[in-house]
Every structure is written in structure tokens, then in C-alpha cells.
Amino acid sequence: MAIYKRKKTYYMRGKIYLPDGSIQGYNRAIKDPSIKRIEQARQYENDFRSKYNKQFDEAQTSFYTLFEFYEVYKRDKKNQKKTTTIKSDDYIFKKFEPLYNHKLNYITTNDVKHLLDQYYDRGLSVEYVNKIRNFINKLFNYAVKIKRILNFNPVSVIPEYKRVDEVGKEMDIYTPTEWSEINVKLKELNIVYFTFISILYYTGMRLGEVRALTPADIDLNSKKIKINKTLSDVKKKESGESWIVTSPKTKNSIRTILIPDKLHTILKDYFKYYNTLYVKDKNSFLFGVDRPLQAKVIREKFHRAADAAELRRIRIHDLRHSHASVLINNGALDKAVADRLGNTVNEVRKTYSHLFIETEEKLINIINENA
């Protein structure tokens, strides 16, 4: 800050903090005719600066930092979210560590976009960058619409990211013929992995659902599997466990499904093996006993069998799609497919719409040929 005089007019020059945290320079004449001496000019400037300092200080103390607000958000949502979802939120929130100590009302669209652009430029998948964006957008929406401490969500004007030259991870499946080919090689694995992967194909269950199975969930007499939990990997807890078993994410995922004959035979053989392990607790893991099979190892075994069968590698989750395609292409109703997969009818129609179109074309051909 400085006071200088030109002709008979005093001028003041310096910088001030605005309430939004930005810095603005000033260089202006003091037009008050009562200012005759330099001491009066200095007092005038001090009064001018104190007005902005007060606004800045009030804003500094009246808003949460981003980190503080996230703690408020977590506390409010504690009884509404699964433990795995909270851990996932915590992991994503770490991406915003550079903004932890910024006051919520000072965080700008450019601040957020700068971080998101960094993750995008590092080569993270578009899906994951958008997941990060959607998380922070949700957090600011909570501040605007629920807590009403902000008037504007700075993330709302940031569009979702797209990578024009990126090939999306499209659904891939094994046809029944291809499954027969890889099945020969899967049998060469030990019985644990062979049975595990067979369940994925013959039931369409999710990986976490199969990993969470216990002996009590399978009734070989009635040929039914009860699905009421899922397993997720987490950082090691105090107990030393690196996983957590929770209820499924949606009510639709809780279901009981029938076991097809081929899988029933496989499971009978597996239970003969399992019973030799002297497992007394029916709540032990069906695959792994005291600890679940590692997802990484399951994928490695699956891909090794694919390589041995000289088939392209598909994702473990694509076995679920393979199961659905068999049902749909043989005329299964969308409601029946949804019930078996633990989805809604709308989810099934959206995910497998191309298969339903192919099935409908087959139906038309039947009508054309026979009606």
C-alpha cells in the first residue's frame, strides 16, 4: 500500500482481498475534499482497506473447508450408505486433496476442472474421470440443495468427459460352443476354480456374489441357490481382513435361483471335495473356507484356460452377459431374465437391447415361415 500526490490530489495504491478470496489491485484518487494532509490520506486508505478486510475475514470464518464439509456430508449419510460405498467415497475424495483446505465458497469451476483435467491427461479412463466428477458434483449439490450454504454448484457447468479416440469396453460373450471349448480347459484347473467359474456361466451371478457364497446358500436337494450378500475387497481392517461381506446393493439383487442340471452335477462333485476339508461352520466361504478366493487369481485362471483353448480373452463379468445371451436368444422373457440376474426389467432391456432385437427378428422369421 502506498500514498502519493499529484498536483493537489492524493492517490492510494495497493491490493485487497475480496470476500470470494481473490486479490484485486487498486490505484485511485482520493476525491474527498476534506483530505488536506498525507496523514489524513493514510487514514482514509486504512478505512478503505478495513472494510474489505472485514468482509474477507467474515467469509473466511463462516464457511466450511472442503474437507470439513465432506465430514459433515459423511455424518449425515452414515445410516443411508453401505460401508463399501462409504469407503469408495473416501477413496475418490482423496483425489481432491489439493482443495482440502479451500473454503467451500471459494472453490471455483476452474479449480475443479483443473484437477479433473489432470486425471484425464494422465490417461485415466473416461468412465473413472466422470466418476470423480460426478462425486464432487454430488457433494456440491448437497451444499446447495440440502444444506443451503451455497447458491451455486461450480461443478454443474463442467460437462462429462469424452475421449474421442478411445474404444469403449464393449460387451463380449462366449457362445455355447465357445463355452464348451473353454470348459475342457477349465476342468484341467483344480476343482475349486473350475466350479467357481462354472457358477458364473450357468447362473449369471456377479463375481462378488459367488465369492460371498457359503454352503448354507446352496440346497442341492431343491436345486436352488440363495443370493443375499456380496463380497468386496477393501484395505485391511484392524482384524487383518482385506474384504467385507455386505447385503447386495439393491433389493432386486436378493433372490433365489434354480440350478441347471449341468451345474448341479458339478456342485455335487464339489461338495464331496468340500466335505473332506472338515469344515464345520456352514457360514464359512464355499470357495476359500476361511478367506475368499482372490478376484485377481480367479481372472488369471480364467484367462489361462482361454489361452489354452485358443479363445480370445473376455472379462469375468462377460460370463454374466454370456448367460443372459443364452436366455434371451432362446426366447426368455425380459422379466424372467431380470429376476434371475437380480436386475430390473429396464436394466435388462437397456443392457441387452441388441439381443432382444435379434430375438425379435428370429420370431418374425418363424411367423413368416409358418403363419
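Guide: The side chain of Asn153 makes a polar contact with the side chain of Asn141 at 3.0 Å; such a contact is a pair of N or O atoms within 3.5 Å, where within protein one must be able to donate a hydrogen and the other to accept it, and residues adjacent in sequence count only if both atoms are side-chain atoms. This is a predicted model, in which local features need pLDDT of at least 70, side-chain atom pairs count only at pLDDT 80 or more, and totals for chains, interfaces and linings use all residues. Residues are numbered from 1 along each chain as its sequence is written, and side-chain values use heavy atoms, with hydrogens and water left out.

Visitor: With the side chain of which other residue does the side chain of Asn153 make a polar contact at 2.8 Å?

Guide: Asn153 is found in the loop between helix H5 (126-146) and helix H6 (176-186), helices being DSSP runs of H or I with at least four residues, numbered from the N terminus. The partner in the 2.8 Å polar contact is the side chain of Asn137.

Visitor: Is Asn153 buried or exposed?

Guide: Buried means under 20% relative accessible area, exposed over 50%, and partly exposed in between (1.4 Å probe, protein chains only). Asn153 has 4% relative accessibility and therefore counts as buried.

Visitor: How are the rings of Tyr70 and Phe93 arranged?

Guide: Rings of Phe, Tyr and Trp (its six-membered ring) pair if their centres lie within 6.5 Å; planes under 30 degrees apart count as stacked, over 60 as edge-to-face and the rest as tilted. The centres of Tyr70 and Phe93 are 4.0 Å apart and the planes are at 20 degrees, so this pair is stacked.

Technical notes:
Helices (H or I, at least four residues) and strands (E, at least two) are DSSP runs, numbered from the N terminus.
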